[in-house]
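Subject: The structure for you to look at

Hi,

Here is the structure I promised you. Have it open while you read, and follow along below.

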Amino acid sequence: MTGDEGRADRDEQPSGAALPHHASPITHHLPPITHPPALLSCHDLSVKAGSLLAVQNVSAEFPAGQLSAIIGPNGAGKSTLMRALLGLDVPTSGEVRLDGRPLAAWTRRERAAKLAYLAQGEALPEGALVRDVVALGRGAGGWLWGLLPLGGWAQADEDAVTQALRRTDTEQFAERPVQSLSGGERQRVSLARALAADPQFLMLDEPTNHLDLGYAADLLTALNTEAAGGMGVVAVLHDLTLAAQADRLLLLHAGRVLAQGTPEEVLTPANLHAAYGLQAEVLRHNGRLIVIPEVGRGK
Ligand SMILES: Nc1ncnc2c1ncn2[C@@H]1O[C@H](COP(=O)(O)OP(=O)(O)OP(=O)(O)O)[C@@H](O)[C@H]1O
Ligand SMILES: [Mg+2]
């Protein structure tokens with residue numbers, strides 16, 4: 001099987017209308033078909049987590065070629081929204097669309113080929129070698145149990161794994177067991193696993209959690225590079241000064257959208273107060289925003 005096979009379920013493709021027999025097969029005089037940039041979007045989306053409506057009436061767009069950050073306080077519904085955008089949680093109302101087509105109409109396999117996910121606090125399989133963990137991104141789950149991946153393993157898969165290791169600067173760890181890596185190094189391996197799938201959209205829930213500032217900045221740089229290369233990158237972030245360097249922000253509060261737009265539009269003291277109950281200063285320095293929370297001095 002080649003790397004391209006198995007990307008879509010052929011028997012589940014939408015059946016197009018048959019060409020009338022008198023239609024001319026000559027199409028070279030037609031203008032080229034231009035495709036709008038890929039887009040992941042949700043429309044009036046509501047999602048339950050347990051009995052709670054954790055996401056309420058959220059409409060938002062996450063374009064390819066951009067880094068979008070979802071921000072908001074603990075419990076705001078960020079992870080729930082991300083899971084719904086991936087099709088892992090089914091909405092109670094509204095819908096998610098991928099390239100204009102409802103996500104529910106995509107097969108699981110099609111979705112998996114387009115959307116890669118790095119879950120919040122994702123654990124890596126203890127004892128596995130870094131290279132094998134990254135190969136999981138190519139559907140090589142059985143490898144960890146000594147089985148060949150379903151559908152075989154092609155040179156394209158091998159190349160994608162090597163590329164992903166390179167793009168995340170984890171090549172030097174390839175033959176090491178994951179438990180021998182530091183938290184920050186493991187996080188980069190998780191990113192490599194997601195990139196190995198060569199997705200159209202990369203969805204990351206708190207990828208900078210537990211990372212020192214240097215690693216966090218490196219990770220954001222890696223995400224910016226992927227976005228500049230045309231991937232749609234959506235990351236849940238807590239550090240607002242880091243999030244300020246994304247292209248677009250979506251600020252959630254109690255399951256609803258409090259603000260969305262450019263960092264300048266979203267990161268206002270009024271919005272921060274409404275979302276976090278926080279007095280904060282927002283400074284501009286060399287064209288970037290810095291959020292300084294007011295911290296009490298104690299008594
Ligand atoms: N299975 C569940 N049963 C009941 N409530 C749930 C369940 N799962 C999530 N919730 C609640 O839904 C709300 C949103 O949760 P979610 O995990 O989406 O928040 P979050 O914004 O990702 O928070 P954090 O920043 O802490 O990760 C929270 O109040 C949470 O307690
Ligand atoms: Mg969360």
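How many bridges join β1 to β2, and do they run parallel or antiparallel? There are 8 bridges between the two strands, and the strands run antiparallel. One pair to look for is Lys 48 and its bridge partner in β2, Leu 53.

Before going further, keep in mind that this is a predicted model. The mean pLDDT of the protein is 85, and 83% of its residues reach 70 or more. Be careful with residues 1-25, though: pLDDT stays under 50 there, and the model has 18 contacts beyond four places in sequence for them.

**The overall picture**

You'll find 9 helices and 12 strands in the protein. It has 299 residues, and 36% of them are buried. If you take the contacts with a separation of 6 or more, 65% are between residues 24 or more positions apart.

**The sheet with β1 and β2**

These two strands belong to an open sheet of 4 strands, in the order β2-β1-β4-β5, with antiparallel pairing. β2 and β5 (101-102) are at the edges with a single partner strand each, so one side of each has no neighbour in the sheet. As background, strands of a sheet pair through backbone hydrogen bonds, either parallel or antiparallel.

Is it buried, exposed or partly exposed? His 43 counts as partly exposed, because it has 16 C-beta neighbours inside 10 Å, and a residue needs 20 or more to be buried. Leaving aside neighbours within four places in sequence, His 43 is in contact with Ser 59, Gly 94, Glu 95 and Arg 97. Gly 94 is 51 residues away from His 43 in sequence, yet their C-alpha atoms are 5.6 Å apart.

**Around ligand 1**

Now go to ligand 1, which has 13 residues around it; Ala 49, Gly 50, Asn 74, Ser 79 and Thr 80 come nearest. That shell divides into 4 nonpolar, 8 polar and 1 charged. β2 (52-63) and α1 (78-85) each supply at least two of its residues, and the largest share, 3 residues, comes from α1.

Helix α1 deserves a look of its own. 8 of its 8 residues are buried, so the helix is largely enclosed by the rest of the structure. Just after α1, Gly 87 takes a positive phi of about 85 degrees.

**Strand β9 and its partners**

Strand β9 (residues 248-253) is mostly covered, with 5 of its 6 residues buried. It runs parallel to strand β3 (residues 67-71), joined by 4 bridges, and pairs in the antiparallel sense with strand β10 (residues 256-261) over 5 bridges. Leu 250 shows both pairings: it stands opposite Ile 70 and also opposite Gln 260 in β10. β9 and β10 form a hairpin with 2 residues between them, and Ala 254 in the turn has a positive phi of about 50 degrees.

**The nonpolar core**

Last one: which residues have the most contacts inside the largest nonpolar core? They are Val 134 and Met 203, in a core of 74 residues. Helix α5 (residues 183-196) gives this core its largest share, 6 residues. Beyond four places in sequence, Val 134 touches several residues, including Val 161, Leu 165, Val 189 and Ala 192. In soluble globular proteins, nonpolar side chains tend to be buried together.

Terms used: Residues are numbered from 1 along each chain as its sequence is written. Chains are lettered from A and ligands numbered from 1 in the order in which they are written. This is a predicted model: local features need pLDDT of at least 70, side-chain atom pairs count only at pLDDT 80 or more; totals for chains, interfaces and linings use all residues. A residue is buried if 20 or more other C-beta atoms lie within 10 Å of its own, exposed if 12 or fewer, and partly exposed in between; C-beta atoms are placed from the backbone. Two residues are in contact if their C-beta atoms, placed from the backbone, lie within 7 Å. A residue is near a molecule or strand if its C-beta atom, placed from the backbone, lies within 6 Å of it. Ala, Val, Leu, Ile, Met, Phe, Trp, Tyr, Cys and Pro count as nonpolar, Asp, Glu, Lys and Arg as charged, and the others, Gly among them, as polar. A nonpolar core is a set of buried Ala, Val, Leu, Ile, Met, Phe, Trp, Tyr and Cys residues joined through C-beta atoms within 7 Å. pLDDT is the predictor's confidence in each residue, from 0 to 100. Two strands pair if DSSP finds at least two bridges between them.
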